[in-house]
Each structure stands twice: as C-alpha cells, then as structure tokens.
Amino acid sequence: MAHGYPDYGLAAAIQNIYAVVDLGELAARLGSGVNYDRLGNAVLVDDFSAGLGAWDQGTGDVGDSVTLGVGDGKDGAYCAKLGVAGGALNEASVSRYVLYSLPGKFGLEVSFSLTVSMSTVDVTFRYVKGGTMTDAQLRYDVVAGTLGVKTTGGGYQTIATGVALKTGASVYHTMKLAMDSDTARYVRVRVDDVTYSIPAVAVYQETTGEKNALWVDVTCVSVALLSSTLRVDNVVVTQNEP
C-alpha cells in the first residue's frame, strides 16, 4: 500500500517509507536538543557545547563549583556540572539573560541528572516588564519527594507528592515549566512522563527597579554537610506556548 510523500515534494505518495512532514520531528531526528516537549517556538536552545561563557555561575560556599562537564551530557558531549561541597551555604547555580520578547505564554525546559544527597532543584523563569517582575519557579524537593511552584507571597504551593526520580550521573530527567506573563498564572508543569495542569495557580510577582528582561536560572542545594552533583543539559526557552 502506498503511504507518505517523497521528501522533495507533496505531489505523490511513495511506498515502503513514511515521509517526515513535521519539521519539528525532522529537527529531533537530526539531533536537536528540543526532543522532549516540542511545544512553543524556541527562543533559546543551549546544550553547553559552546561552554559556559554565556552563563553566570553562582556558588554558596568554599568548595562549591560550576564547571563544564565533558562526557557527561544528555545527548551530546557536554553539560553544566554543578558541584555542592556540603558547606554552610551549600548551593550552586547557572543563570543567563535571554533575548527579550513580547509578553505571553513562555516555557522553560531543563534536563538534569541527580546524584545522592541532593536536597532541592529549582528551575526559574523571570520576566520583567514595566517595573513588574514575574517570577515563575518550579522546585523539586528531592528529600520530601514533592513538586512545588512559587506563588503569591513567595511561598511554594505543592502540586505533586510521591515524586521519586532515579539518581545516577547518566540518568537524565526533564522538566518543563510553562507560565503566562499576561495573566500571571502558571499553565502547566511536566516532569518526565507526567503533566500537571495548573492554570489557576498564580505566579509570584513584585515591583522592581530592574529594566525589562528575560532571565533563567537553575539552582541546586545539597543536604546539609553532604556533597552532591547536578548535571544540567538542554536548556530550552520557548514562547507562544499553547
């Protein structure tokens, strides 16, 4: 039976193979880091193959570190390697500014691998416009096994319990946070194969003197006095989310 179309046009059907009409599928097959959720239009795709030069690096204490992981990536050779030594201020982070865009529905997708003794992993998307900072943040509490989002008042609203992600340097997980800057509401959260629809949950906002900007951040904290490592890869920022 004939099926599909030749890759040089849509004029006639062919046999034995299926045509790839979806350009998103074509990009994924060619090795794009955008191979998980694929919703929205990509504003930033970073697999750290160009290094850490575009990223600000933060550490909390002596011994904490942010380095380029070689041979540790999810799909390619590189990742950002956040090492926490277990001191008093036991955290490490990477963050960067993104090309400013019109308001609307945005997404932030991050892949990561956990080692034992990790306490929390925070993924933050900040949109600043006209003196208002909209701060959407997803927190995975490894110890408690919960997912929470930062909401009005600066606290966290739990959206899922019993979340136990497998640890291991080569075991990558992906989570994506989608928010609407127009309504200051979350849209959904997706972690691996589970999607949580949370359109009624408000995003945290505050007045700021900062100029208009888009900013993303990944921060990890280890259990007190214990060292741990978070590998971060395939950071994807999208706009025009459904």
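Select Arg188 first: it is buried, with a relative accessible area of 13% (buried means under 20% relative accessible area, exposed over 50%, partly exposed in between, with a 1.4 Å probe and protein chains only). The model is predicted, so local features need pLDDT of at least 70, side-chain atom pairs count only at pLDDT 80 or more, and totals for chains, interfaces and linings use all residues. Residues are numbered from 1 along each chain as its sequence is written, and side-chain values use heavy atoms, with hydrogens and water left out.

Arg188 and Glu241 form a salt bridge with the closest N and O atoms 2.3 Å apart (a salt bridge is a side-chain nitrogen of Lys or Arg within 4 Å of a carboxyl oxygen of Asp or Glu). Glu241 lies in the segment after S16 and Arg188 in strand S12 (residues 185-191), so the pair ties together parts 53 residues apart in sequence. Strands are DSSP runs (E, at least two residues) and helices are runs of H or I with at least four, numbered from the N terminus. Glu241 is buried at 5% relative accessibility.

Now select Lys176. Its salt bridge with Glu241 has its closest N and O atoms 2.7 Å apart. Lys176 sits in strand S11 (residues 172-180), 65 residues from Glu241 in sequence, and is buried at 3%. To see the network of salt bridges, show Asp37, Lys176, Arg188, Arg190 and Glu241 together.

Last, go to Asp46 and Arg96, whose side chains meet in a salt bridge (3.1 Å, N to O). Asp46 is in strand S1 (residues 41-46) and Arg96 in strand S5 (residues 91-98), 50 residues apart. Asp46 is buried at 11%, and Arg96 is buried at 16%. The structure holds 11 salt bridges.
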